[in-house]
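Thanks for coming, everyone. I'd like to walk you through one model today, so please have a look at it while I talk.

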Amino acid sequence: MNHPVTPEESARRIRGGTTTRPLLGLVLGSGLGAVMEAVRSEACMAYEELPGFVPSRVPGHRGELIIGQLGGAPVAVLSGRAHYYEGHDLHTVTFPMRVLSALGVRSVLLTNAAGGIRPGLEPGDWVALTDHLNFIGANPLRGPGGAERFVDLSEVYSPRLRGFLRQAADQTGLKLQEGVYAAVSGPSYETPAEVRALGRLGADLVGMSTVPEAIVARQCRMDVVGLSCVTNKAAGLGGNISHDEVLAIGRRVASEAQRLITAFASLYAANEAAGEGSPRS
Ligand code: HPA
């Protein structure tokens, strides 16, 4: 299905509101919206004002695009995202990635809240994604297409950008682990049997987002870095799970998220935005 609005139309609207030309895109997941407060905002647009965007209706997701500076990097921040579980198709869910690409963004940091599957992953832990499992049951590139649809996903998450995240964690004194993220459709949480199965299949974390965006970002030849905040142990491994608990952990780690992501943006600005980075691949 083709989207009725083109990403270029939406990008034109955004460009009209600011002279900043963002190079780094940030997607702030459940409860991680506090990172916004560290951004020197030059323009702020509600998703309602942006052609092709759908308003965010999930508590903990704001639903605005901010263009500005973070750690010296020109950024476009998507505070809140649309999810497949809200009933949107994956073209709609991933449309903002195409808009970021049309704006000239070269790299995206996709953040999310996730359940920890691997033993030792505790609420509040930070995990850089090394790979993913798409168990949503759909692919955002399905459809008549136009752009290349047989996208190589051998290395979705850029080791170079992950290195910046590791350095950022060292600088800010935070522990950063690595892991494989399994995306499921939700909105119910998993059963313990599903969590055992996901673990045996190689998942360290489970969540309901990120993967469709990462796939489309790669189609658009943007570099991708994924960051999960573990908000709970996955089903069967700890207590009960609730969205309120997910948001509460997000609030608890808000200042860590700000420090980590600001330090990442600084390293990005120093190494990439200065034009020293490797070309889009
Ligand atoms: N499962 C799926 N999605 C999630 C979880 C979980 O345990 N925690 C936060 N998002």
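Let's begin with helix 3 (residues 159–172) and helix 7 (residues 254–273), which pack at an angle of about 125°, with their axes 8 Å apart. Because oblique covers whatever is left once angles under 35 degrees count as roughly parallel, over 145 as roughly antiparallel and 65 to 115 as roughly perpendicular, helix 3 is oblique to helix 7. The axes are lines fitted to C-alpha atoms, for helices over the stretch in contact, and angles run from 0 to 180 degrees between N-to-C directions. Helices here are DSSP runs of H or I with at least four residues, strands are runs of E with at least two, and both are numbered from the N terminus.

Before I go further, this is a predicted model: local features need pLDDT of at least 70, side-chain atom pairs count only at pLDDT 80 or more, and totals for chains, interfaces and linings use all residues. Residues are numbered from 1 along each chain as its sequence is written, and side-chain values use heavy atoms, with hydrogens and water left out.

Back to our pair: helix 3 passes helix 7 in a right-handed crossing (right-handed if the near helix is turned clockwise from the far one by less than a right angle, left-handed if anticlockwise).

Helix 1 brings residues including Ala11 and Ile14 to the contact, and helix 2 brings residues including Phe95 and Val99.

Now, what about spaces inside? There are two cavities of 30 Å³ or more. On a 1 Å grid over the protein atoms alone, a cavity is a set of points where a 1.4 Å probe fits but cannot get out, a pocket is an open set with protein on both sides within 12 Å along at least five of seven lines, and lining residues have an atom within 4 Å of a point. Points are joined across faces, edges and corners, and a volume is the space filled by probe spheres set on them.

The largest cavity has a volume of about 110 Å³. Of its 14 lining residues, Gly80, Arg81, Ala82, Val93 and Pro96 are the closest to its centre. Helix 2 (residues 90–103) gives the most to that lining, with four residues. The second largest cavity is about 40 Å³, and its lining includes Arg81, Ala82, Val93 and Thr210.

Thr210 has another feature: a positive phi of about 70°, although it is not a glycine. Thr210 sits in the loop between strand 8 and helix 5 (211–219).

Which residues lie nearest the centre of the second largest pocket? They are Ser30, Ala113, Tyr189, Met208 and Val246. This pocket has a volume of about 330 Å³, and strand 5 gives the most to its lining, with four residues.

Finally, the peptide bond from Gly186 to Pro187 is cis, with omega near 0°. Pro187 is in the loop between strand 7 (176–184) and helix 4 (192–200).

Note on methods. Contact = heavy atoms within 4.5 Å.
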